[in-house]
Amino acid sequence: MTTEEKRKHFRVDSLHLLNYVYTDDQSEELMQGMGRTLNISETGMLLETHTPPISVGSVVSLTIGFEEDVVDIKGRVVYTNESKNDMYESGIEFFDINADAKAILGKYILAFNAK
């Protein structure tokens, strides 16, 4: 059985700490915590946390540190799985990313691919 790749952009392996905040439809905070990226692309990422997301479809605000740059990005949880060591992995699709954050993210991905 083969799996079909649905991503528009290639993801690069990435371990960066981040802060996340899950919100409801009225942008009220439901839960926050710390996590890390496992991989990232221009349109999404794999997020690793100690706690499961509120639910698939949840909105999450992310503050990610890329070396000396920090970016704020909003995304939506598209899937989640429990992984080893009582950790959770969630696929996040970005939907609200400003031009500055997009440029920093693109610079980071380009530099990683050049290695």
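Here are some friendly questions and answers about this predicted model.

Q: What percentage of the residues of the chain count as buried?
A: A residue counts as buried when its relative accessible area is under 20%. The chain has 115 residues, and the share of them that count as buried is 38%.

Q: Is I92 buried or exposed?
A: You can find I92 in strand β7, residues 88–96. Its C-alpha atom is separated by 9.4 Å from that of G57, and I92 and G57 are 35 residues apart along the chain. The relative accessible area of I92 is 1%, and buried means under 20%, so I92 is buried.

Q: Which element gives the most to the lining of the second largest pocket?
A: The second largest pocket holds about 180 Å³ of space. It is lined by 10 residues, and F66, E67, K107, Y108 and A111 are the closest to its centre. The lining divides into 5 nonpolar, no polar and 5 charged residues. The most, 5 residues, comes from helix α1.

Q: Are the rings of F66 and Y108 stacked, edge-to-face or tilted?
A: The count of aromatic pairs in this model is 2. For F66 and Y108, the ring centres are 4.8 Å apart and the planes meet at 35 degrees. Planes under 30 degrees apart would be stacked and those over 60 edge-to-face, so this pair is tilted.

Q: How many residues apart in sequence are the parts that the pair of F66 and Y108 ties together?
A: F66 is in strand β5, residues 59–66, while Y108 is in helix α1.

Q: Which ring does the charged end of R76 sit over?
A: Here a charge meets a ring. The charged end of R76 is 4.6 Å from the centre of the ring it sits over, and that ring belongs to F95.

Q: Which residue's backbone nitrogen does the side chain of S41 reach?
A: Look in the loop between β3 (29–40) and β4 (44–49), where S41 is found. With 1% relative accessibility, S41 counts as buried. At 3.1 Å, its side chain reaches the backbone nitrogen of T43.

Q: What is the phi of E67?
A: Most residues other than glycine have a negative phi. E67 lies in the loop between β5 and β6 (69–82), and it is exposed, with a relative accessible area of 69%. Although E67 is not a glycine, its phi is positive, at about 50 degrees.

Q: Is N85 buried or exposed?
A: N85 sits in the loop between β6 and β7. It is not a glycine, yet it has a positive phi of about 60 degrees. Its relative accessible area is 65%, and the cut-off for exposed is over 50%, so N85 is exposed.

Conventions
Residues numbered from 1 in each chain as written. Predicted model: local features only at pLDDT ≥ 70, side-chain atom pairs only at ≥ 80, totals over all residues. Heavy atoms only, no water. 1 Å grid on protein atoms, 1.4 Å probe; cavity = no way out; pocket = protein on both sides within 12 Å on 5 of 7 lines; lining within 4 Å. Points joined across faces, edges and corners; volume = space filled by probe spheres on them. Helix = DSSP H or I, 4+ residues; strand = E, 2+ residues; numbered from the N terminus. Nonpolar A, V, L, I, M, F, W, Y, C, P; charged D, E, K, R; others polar. Phe/Tyr/Trp six-rings, centres within 6.5 Å; stacked < 30°, edge-to-face > 60°. Lys NZ or Arg CZ within 6 Å of the ring centre and 35° of its normal. Buried < 20%, exposed > 50% of the residue type's maximum accessible area, 1.4 Å probe, protein only. Polar contact = N/O pair within 3.5 Å; in protein donor to acceptor, adjacent residues only side chain to side chain.
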